[in-house]
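User: Could you walk me through how the pieces of this one pack together? I'd like to go through it question by question.

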Amino acid sequence: MAETLTTKRHLVPDGADAVEFCHARGWTDGLPVIPPTADRVRAMLDAAHLDAQHAVAVIVHRAVTITAEKVAINAVLAGCTPDYMPVVLAAIEGIGDPAWGYHGPGTSTGGAAVLMVVNGPIARALDINAGDNLFGPGWRANATIGRAVRLVMRNVCGSRPGTLDRATLGHPGKLSCVIAENEAESPWPPLHVERGFHPAQSTVTVMAAEAPHQFYNQLSNTAEGILTTLCDDMRISGNVVGQPQYLVILAGEHTRTMAREGWTKTQIRQFLFDHTQNSVAHLKQTHRLAGTVQPGDEARLRPLVESPDDVLIIAAGGSAGAFSAYIPGWGSKRSSQAVTKEVRP
């Protein structure tokens, strides 16, 4: 399916280390890469049934068209196998969507990662981890799919640390931050169905995200008790004056408690929205809002997000341990929103 490849080729001298050659040219994220030979790149394109010059996404603020060939090259560099290529392509479509707003997450001092949640049959077919050690190492698909997206941002869009990527701190999720929802054990409709897709479709949801915040509750055996702990943590989580969305990840023990009491995602969202609001007085006193405290500020409440629907909820993580997590989104609703794209076979 691939047309003639147009990217400049380099001949590595006999005896030279091709991996070091890639490092010397700044094509890596600091970790070793797989040299993108023409045969490997064509195998990626063949797996996706795409011509090399097919436009996958356009990054308007960069005046960059991301072609399938460029995605394939970086997927090889990242260590992907060809069957991962459709997932990588869907994620690239996502970060190219105007609603995701590439310019902000790609350049901000806030240091957002590209969080990806994979749903549908493809997650199971590729063994994308949805369970134990959810954000940890050990799964090739999770590690390399996210890495491929970040390498496209680096090598095609120019989002390199210290130049166009101006993150003050960043976080390790900028290397790769890919998870799947544990649909098999979840008592709720999966994320992609809530976002308008059919259960049999496969999708990737991309979100500009801060690092995961883990919370612990082993003392309460009720849904409300667990959610009260979560709310107290989320309410003072840092950037609490206008983030676009939060992703809440409920792991096995907490999910089973919610299911036993019949809590729906809608009820959980509403509870979190209602119980994470801060008073304007508190936000001023902690220097998150400008100005001095005025009469009535104690009674005026400000929510973390605009609507309960801005709290995304998934079941994922290990079956044992009284831990769950939440991930604040980057920026504001006007600057970046989570986007869900179909993974095309």
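Predicted model: local features only at pLDDT ≥ 70, side-chain atom pairs only at ≥ 80, totals over all residues.

User: Let's start with strand 7 and strand 11: over how many bridges do they pair?
Analyst: Strand 7 covers residues 246–250 and strand 11 covers residues 323–328. Leu247 stands opposite Ile327 in strand 11. The two strands pair in the antiparallel sense, and the number of bridges is four.

User: Which strands sit at the edges of the sheet they belong to?
Analyst: That sheet is open, with four strands in the order 6-11-7-10 and mixed pairing. An edge strand here pairs on one side only, and that picks out strand 6 (213–216) and strand 10 (311–315).

User: What lies across that sheet, and at what angle does helix 11 run to strand 10?
Analyst: Two helices are worth a look. Helix 10 (residues 252–260) lies across strand 6, strand 7, strand 10 and strand 11, at about 90 degrees to strand 7. Helix 11 (residues 265–275) lies across strand 7 and strand 10, and its angle to strand 10 is about 130 degrees.

User: Which residue is the bridge partner of Ala113 in strand 5?
Analyst: Strand 3 and strand 5 (residues 203–209) run antiparallel, joined by seven bridges. Within that pairing, the partner of Ala113 is Ala209.

User: And which residue in strand 4 is the bridge partner of Val118?
Analyst: Strand 4 (residues 178–180) pairs with strand 3 in the parallel sense, over three bridges. There, the partner of Val118 is Ala180.

User: How is helix 3 oriented relative to helix 4?
Analyst: The axes of helix 3 (residues 68–78) and helix 4 (residues 85–96) come within 10 Å and cross at roughly 120 degrees. That angle makes helix 3 oblique to helix 4. As for handedness, helix 3 passes helix 4 in a crossing that is right-handed.

User: What class of residue makes up the contact of helix 3 with helix 4?
Analyst: From helix 3 come Ala68, Val71, Ala72 and Ala75, which meet Met85, Val88, Leu89 and Ile92 in helix 4. Sorted by class, the contact has no polar and no charged residues, and eight that are nonpolar.

Notes
Residues numbered from 1 in each chain as written. Heavy atoms only, no water. Axes fitted to C-alpha atoms, helices over the stretch in contact; angles between N-to-C directions. Parallel < 35°, antiparallel > 145°, perpendicular 65-115°, else oblique. Left-handed = near helix turned anticlockwise from the far one by under 90°. Contact = heavy atoms within 4.5 Å. Nonpolar A, V, L, I, M, F, W, Y, C, P; charged D, E, K, R; others polar. Pairing = 2+ DSSP bridges.
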